[in-house]
Amino acid sequence: MRLRVFAALAALSLGALTGCGETTGTSANSPLRIMAPAAPGGGWDQTSRIAEQAIKAADPQRKVEVYNVPGAGGTIGLAQLAGEKGNGNLLMTMGLVMVGAIEQNKSKVTLAETTPIAKLTEEYEIVVVPAASPYKTLDDMVAAWKADPAKVSISGGSAGGTDHIVAGLMAKAAGIDPKQVNYIAHSGGGEALNELLGNKVSAGISGVAEFAEHVKSGKLRALGVTSGERLPDLDAPTLKEAGLDVELANWRGFVAPAGLSDADKKALTDLVTKMHDAQPWKDAVAKNGWIDSFQTGQQFADYLAAEQNRVKAIIAEMGLVS
């Protein structure tokens, strides 16, 4: 009996040690998990899966797995990440949307409880309507919007996120109370797209890459983009051209759990840098019309801190904080 107890204790101790090795520390032999804190089909999911392929191309021996944790503008995923303190084999895709959602949802977990790894890309937003929409131009939509704000439903990503902020800024520029915007929030871009293609909403706002192919195929009509100048390969005016003084770029990046050792933080940063330099990543950036805005280390940490202050002020001004 005593031998059985000793054997069981030994097995338990070995199992505990093995488990620690799998959940902490960065190792080329350990699978890297990338969390997309949204439903499939949106920008975070798309970025995560492109990153997966680019990392595999840059380091063929590295196993990479992408998984989705949708809900509340990424703050559900953020809460899960906070519970993985010290895990050097986990990255979470995030960005401007999450910064706004933290404020909108009054999340108890904030980005202060993460380790900033890298800013990856920027992307402009696009305002679209279904092909059968009576709104042929942004002027048409704004006229109807002013007449009855509640009747113009706008589908987009999470409450307090980039799409919601753009809707609020557009309303303000058009002389409409941002609090009257009939905004329908979703946890992923796929849901918003389905509503548009099903003619269930008046308009939609998202990143250009998420709607571009449907605009080119004629299923959606582009009314405007949030860039300062017209974008190549896309027949759409800027919002400023169309009479609304709005310009905004979304951005995406990676954070890791808090409590990483310096060695683990460096290993993750080096891996993401290799990914950024890999040809599949460069090809995806060009194909999707993203802007390469790569930053790591303290530069990204400082940028993230500044963005939190900027976005907090914007959504407070827009009245988007519930």
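Tutor: Let's begin with the lining of the largest pocket, whose residues divide into 10 nonpolar, 7 polar and 6 charged. Keep in mind that you are looking at a predicted model. The pocket has a volume of about 480 Å³, and 23 residues line it. To find its middle, look for Val-208, Ala-209, Ala-212, Lys-287 and Asn-288, which lie nearest the centre of the pocket.

Helix α8 (208-216) gives the largest share of the lining, 8 residues. At least two residues each are supplied by β4 (114-130), α7 (189-197), α8 and α10 (279-288).

The domain assignment of the chain gives domain 1 (32-122 + 251-318) and domain 2 (124-242). Their centres, taken over C-alpha atoms, are separated by 25 Å, and the contact takes 24 residues from domain 1 and 19 residues from domain 2. The lining of the largest pocket draws at least three residues from each of these two domains.

A search of the whole structure finds 1 cavity of 30 Å³ or more, and the largest cavity has a volume of about 260 Å³. Of the 25 residues lining this cavity, Gly-43, Val-97, Gly-157, Asp-163 and Glu-210 are the closest to its centre. Two or more residues of that lining come from each of α2, α6 (162-174), β7 (203-207) and β9 (249-257). By class, the cavity lining has 4 nonpolar, 16 polar and 5 charged residues. Like the pocket, the cavity draws at least three lining residues from each of domain 1 and domain 2.

Helix α2 provides the largest share of the cavity lining, 3 residues. Follow α2 (residues 43-58) and you will find that its axis and that of α9 (residues 262-277) come within 8 Å and cross at roughly 95°.

Key: Residues numbered from 1 in each chain as written. Predicted model: local features only at pLDDT ≥ 70, side-chain atom pairs only at ≥ 80, totals over all residues. Heavy atoms only, no water. Axes fitted to C-alpha atoms, helices over the stretch in contact; angles between N-to-C directions. Helix = DSSP H or I, 4+ residues; strand = E, 2+ residues; numbered from the N terminus. 1 Å grid on protein atoms, 1.4 Å probe; cavity = no way out; pocket = protein on both sides within 12 Å on 5 of 7 lines; lining within 4 Å. Points joined across faces, edges and corners; volume = space filled by probe spheres on them. Nonpolar A, V, L, I, M, F, W, Y, C, P; charged D, E, K, R; others polar. Domains from an automatic or database assignment. Contact = heavy atoms within 4.5 Å.
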